[in-house]
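Have the viewer open as you read.

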Amino acid sequence: EIEAFSEEGLLTRHSGGYEGFTFAHGRIIAHGIGNLAISEIAPWVDSTRLVNLSTRGWASTGEETMIAGIVAFESEGDLESDNIVFRGIGPGLEDQGVTDFAANPRIEYLHDEQVLYSNENWEGNVALADAFEAVGAFELEPLSADAAILGTPQSNAVSFLNVQDEDGGIALIEAYRIEGANYEFVNLSTRALASEGEKSLIGGFVLEGETVRSILIRAIGPSLIDRGVTNPMADPVLTLYQDGKVIASNKGWDGSSLMQHFFDRAHASPLDESSDDAVLVVPLNPGLYTVQASSESGQSGVVLLELFDMGD
């Protein structure tokens with residue numbers, strides 16, 4: 001058992017028992033395996049923000065629509081409109097070695113069940129191409145059937161980005177914050193049918209700035225049955241990568257009160273203490289990260305991959 005104290009008393013407590021755990025509370029950070037841990041104090045420096053969120057997974061129609069929930073909070077910024085790029089990429093994944101890609105994805109951005117933006121073929125739009133370059137997104141062929149939107153997000157509310165493909169295939173959902181925008185990303189949650197290998201659900205995010213940032217990541221499968229999902233993934237495994245190296249992983253979270261505290265802090269829904277969902281809380285330096293939600297047994301099922309910015 002690991003405890004962190006301040007002058008006011010106990011800050012946080014964690015019981016070991018699973019591999020590769022990392023937890024954080026304010027500036028107190030601990031990393032370890034089993035019941036061994038190394039603690040550190042993170043420095044106070046300028047703020048860091050999420051500037052890119054993405055998820056790659058299976059997209060079809062109906063219950064197999066790939067659905068991403070996005071939360072953006074208002075912040076200081078000069079750019080108040082056309083300040084976000086959304087992309088739903090299928091054919092553009094072929095150059096990245098994906099063989100079973102969605103051939104003709106359609107992307108929709110919704111709030112309160114109202115479609116605010118939609119696109120099926122981006123058709124080499126010049127404004128979109130300029131926006132791709134500005135945010136550092138990879139190029140798309142002008143005549144590809146990929147989908148893209150340049151728009152304005154709904155702030156201080158949950159909105160949804162959906163990708164559908166009639167024939168089904170692997171698609172990539174992307175949301176890029178354009179520099180100077182008057183909002184900050186705080187949450188991305190993507191629900192999709194997943195299994196293992198190429199059909200794993202893979203999320204990516206970019207942290208920009210100079211500070212350590214605490215991020216809550218969850219792969220929810222078993223708990224989805226309480227939300228009406230009839231085919232949830234029974235045994236999700238959560239793996240976090242940087243530069244192709246595993247930096248943290250979890251399967252079957254520990255149900256601790258500390259983790260429940262982190263859920264409350266991030267405004268994330270509670271999980272049953274005995275569920276086999278996977279959870280990580282990680283303090284991260286600025287950089288590019290990839291997180292994978294896959295099935296330990298290789299069985300397909302619906303999984304919800306969640307990313308929460310917990311603040312400084």
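In helix 1 (residues 126–135), the buried residues are Leu 128, Ala 131, Phe 132 and Val 135. Looking down the axis of helix 1, these buried residues fall within an arc of 105°, so they line one face of the helix; the arc is taken from the directions from the helix axis to the C-beta atoms. Buried means under 20% relative accessible area, exposed over 50%, and partly exposed in between (1.4 Å probe, protein chains only). Helices (H or I, at least four residues) and strands (E, at least two) are DSSP runs, numbered from the N terminus.

Turned away from that buried side, the face of helix 1 carries exposed Val 126, Glu 133 and Ala 134. The cover over the buried residues of helix 1 includes strand 8 (84–89), strand 11 (147–151) and strand 13 (169–177).

## Where the model comes from

This is a predicted model: local features need pLDDT of at least 70, side-chain atom pairs count only at pLDDT 80 or more, and totals for chains, interfaces and linings use all residues. Residues are numbered from 1 along each chain as its sequence is written, and side-chain values use heavy atoms, with hydrogens and water left out.

## Phe 205

Phe 205 sits in strand 15 (residues 201–208) and, at 1% relative accessibility, counts as buried. Leaving out residues up to four places away in sequence, Phe 205 touches (heavy atoms within 4.5 Å) a set including Leu 50, Ile 217, Leu 284 and Tyr 289.
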